[in-house]
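Thanks for coming. I will take you through a few packing details, so please keep the structure open while I talk.

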Amino acid sequence: MSDDPNTPAAAPDAPADASLAQAATADTGPAAPASTAATPETSGSGATGPEVLPLLPMRDTLVFPGTIQALSIGRPSSLRLLEECLPQSKRLGLLLQKDRAAETPGLDDLHDHGVVGRVVRMVRQGDQGVVILVHGEDRMQVRRVTQTEPYLKAEIEVVPSEPIAADDEVSEAAVRNLRASAEKLLELLPEVPDEMKAAFGAIEDAGALTDFLGAHLSIETSEKQKLIEHAGVRARVDAVQAHLDGQLRIAELQSKLRENVQSGFSEAQKRAYLREQLRAIQKELGEEGGTEEQVEDLRARLDKAGLPEKAKAQADRELKRLEIIPAASPDHAVITGYLETLAEMPWNVLSEESVDLAKAQEILDRDHHGLAKVKKRLIEFLAVRKLNPAGRGPILCLLGPPGVGKTSLGQSIAEALGRSFARISLGGLRDEAEIRGHRRTYIGAMPGRLIQELRRLGTRNPVIMLDEIDKLGADFRGDPASALLEVLDPRQNHEFTDRYLDVPFDLSQVIFIATCNTLDTIPGPLRDRMEIVQLPGYTEGEKLAIARHYLVPRQLAEHGLSADQCAWTTEALERVVEDYTREAGVRNLERQVASVTRHVAAAVAKGETTRTEVTPAVVVDALGPAVFVRESKLQTSAPGVVTGLAYTTVGGEVLHIEAIRYQGKGGLTLTGQLGDVMKESVRAASSLVRSRAGTLGIDPKAFDESDVHVHVPAGAVPKDGPSAGIAMFTALASLFSNRPVSRDVAMTGEVTLRGLVLPIGGLKEKSIAALRAGIKTILIPKLNQKDIPDLPDEVRRKMRIVPVETVDDVLAEALEPAPAP
């Protein structure tokens, strides 16, 4: 603790009286009732000869004669001084330090003029030190030191004041002018308490008046020391008058300002005025850096951001609000966050775009195997961007099963353009505010996902992937799909208004690319705003190439193995693709490759081997028995058994449709978890067979005397779709005509009651499934003949593809001659 009376003393162990509490606020300026005015200087001892007194160093506060001050004592030497000297005498010398930082000042570190003080009370504060109440009595001057340890003692001489002569009218006028100026200052300062004014009015002696005013004026400590050193009252009058005039001018200006604004001084203006006073106090305390600096920083950042006119006007309004709102108010944090968002938005920041079609093709080929049709469409998209950078191109939607590379295609487009890339997952999104943003009506509001990503990327023309757009939800919080209508409309999104920003933002330079697994769940208006680019599943050959060139090298690097330590054979990769994965993409394939690589890595780490050739046996050892057993072509041809083709989300499948008949009354039984569409196909096929009984050589009575059971394995797997009609017809026709269906033939297509074959979808996946099962011939609707060029080369090379127009064409290709009786 320092011997600094400016520091308010801590609460004493015993309650201090009112005078001590009042004195503890001394030297805070004329507004504080700092010290109590005592009697004039004649209240001292009256001694004029030398006297030896202990000296108490003061850091930056002075006690004037005739005033009372509370001093907080903490130095060990000063505490010992009080302990040893106060029992003998209450008088001590109070001297100001020349350097307040000195901890153990000697006589050379003290001014030689000071004040003789009398301790009127001492209060202990435990281990914190003591607080003493000192009454200033006389001016003094040090003559010689008599003791330096453990504290200073010196021979001092009391310096009496030199009073003003009774016949000195000029000096008397100066005293009256000083008193009038002091009274005027007290009137201009409404915060001065009445007790202080009463104490001032009771002082008659001119010397006591100057000491009282000197103790309370807000002037530097060095100036107060000069007043202590002035023995002549007239010199002190002139010095105090000079300081008082400066204080008076400031007080008059403050009073005039108060009067000018008094009539229109609203509560908000009052807070602003008090806040200005608070800033001044904070500056004095070294606590600068409040709201004003924050507002100026935000204003500079907003100016640098180059906001458009509407956004600039909104920012200026919020800045004005921020200036008058207290920092502790919740609105202060909300407005600050809003302005920071405005300042960080890329209003005029565009990434430099460079469209190199050759490089783009190289990037697409590097990152993706196959997908020639998709790559062609993307190159066309980039070519249009190159020729017309400001054009409003279509919104591409990549449609395909999981794991076929939809998201990575978006990243490749961004890399080819040299733009930033962001992915926004829309799966399960139900709150419309995630797209349009939250209104700034509550704490915690934030912009929508689009604005957040643009703020993070720092550019106005990135590539943004809207992933899983088919999995958007809707509930009481709104419909995100409807909110996306504005975002994905090139005619509207140049003025997209986020509810949080509340000002338009231009999204026209953003390239949006959506992904989905199905179109069924996408609302029609939203689907209408996008161009669908379909990504079919990979063939087994494509999967092998992807595994060899992409998946295996990546997994070897992730597991810390080299190609020599873990060498994959083609047979092993084929085994993984055929027996352990059933998907259109390659995501699960990579997981299985990682499992086998991990198995090899464990063996290498244990020191069991240094090199492993991954063969089908190693695959089985690592992954266990085969997980999937695929349907293969029939071993023998039999009446009523047909090979059909189906399309699923994980690719194509082979279906064996079985039909038997037995004595009955014309009933029809369907099993195999058939959906409504397939059940209707069976009934339509049954009616068509009945209508063509004569042509097929079937006795019409056979239908009424037999019950028919149609089953589609596997029974636990749900099946549905509009492409099994000709397979059902062929099975029933084969059953009743007793002619087997060729086991090398598979078929797909819907049938009408007139016997026409209707087109189907998923031809590529179905043909791949047929090739995998060993089928040599597939029957497809004639209207799907246009899709044959899109089939893989391997399919067209190894299988015979026969377009059929009617069921007669189907039977001509599929049925074998009836067996001999």
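Axes here are lines fitted to C-alpha atoms, for helices over the stretch in contact, and angles run from 0 to 180 degrees between N-to-C directions. Helices are DSSP runs of H or I with at least four residues, numbered from the N terminus. This is a predicted model, where local features need pLDDT of at least 70 and side-chain atom pairs count only at pLDDT 80 or more, while totals for chains, interfaces and linings use all residues. Residues are numbered from 1 along each chain as its sequence is written, and side-chain values use heavy atoms, with hydrogens and water left out.

First, the helix pair. H20 (residues 570–579) packs on H22 (residues 616–623) at about 40°, with the axes 8 Å apart. In contact (heavy atoms within 4.5 Å) are Glu 571, Ala 572, Arg 575 and Val 576 of H20 with Pro 616, Val 619, Val 620 and Leu 623 of H22.

Next, Leu 556. Leu 556 sits in helix H19, residues 540–558. Leu 556 is buried, at 7% relative accessible area (buried means under 20%, exposed over 50%, partly exposed in between, with a 1.4 Å probe and protein chains only). Not counting residues up to four places away in sequence, Leu 556 touches Leu 561, Ser 562, Ala 563, Cys 566 and Thr 597. Its C-alpha atom is 9.7 Å from that of Ala 567, 11 residues apart along the chain.

Terms used
Helices (H or I, at least four residues) and strands (E, at least two) are DSSP runs, numbered from the N terminus.
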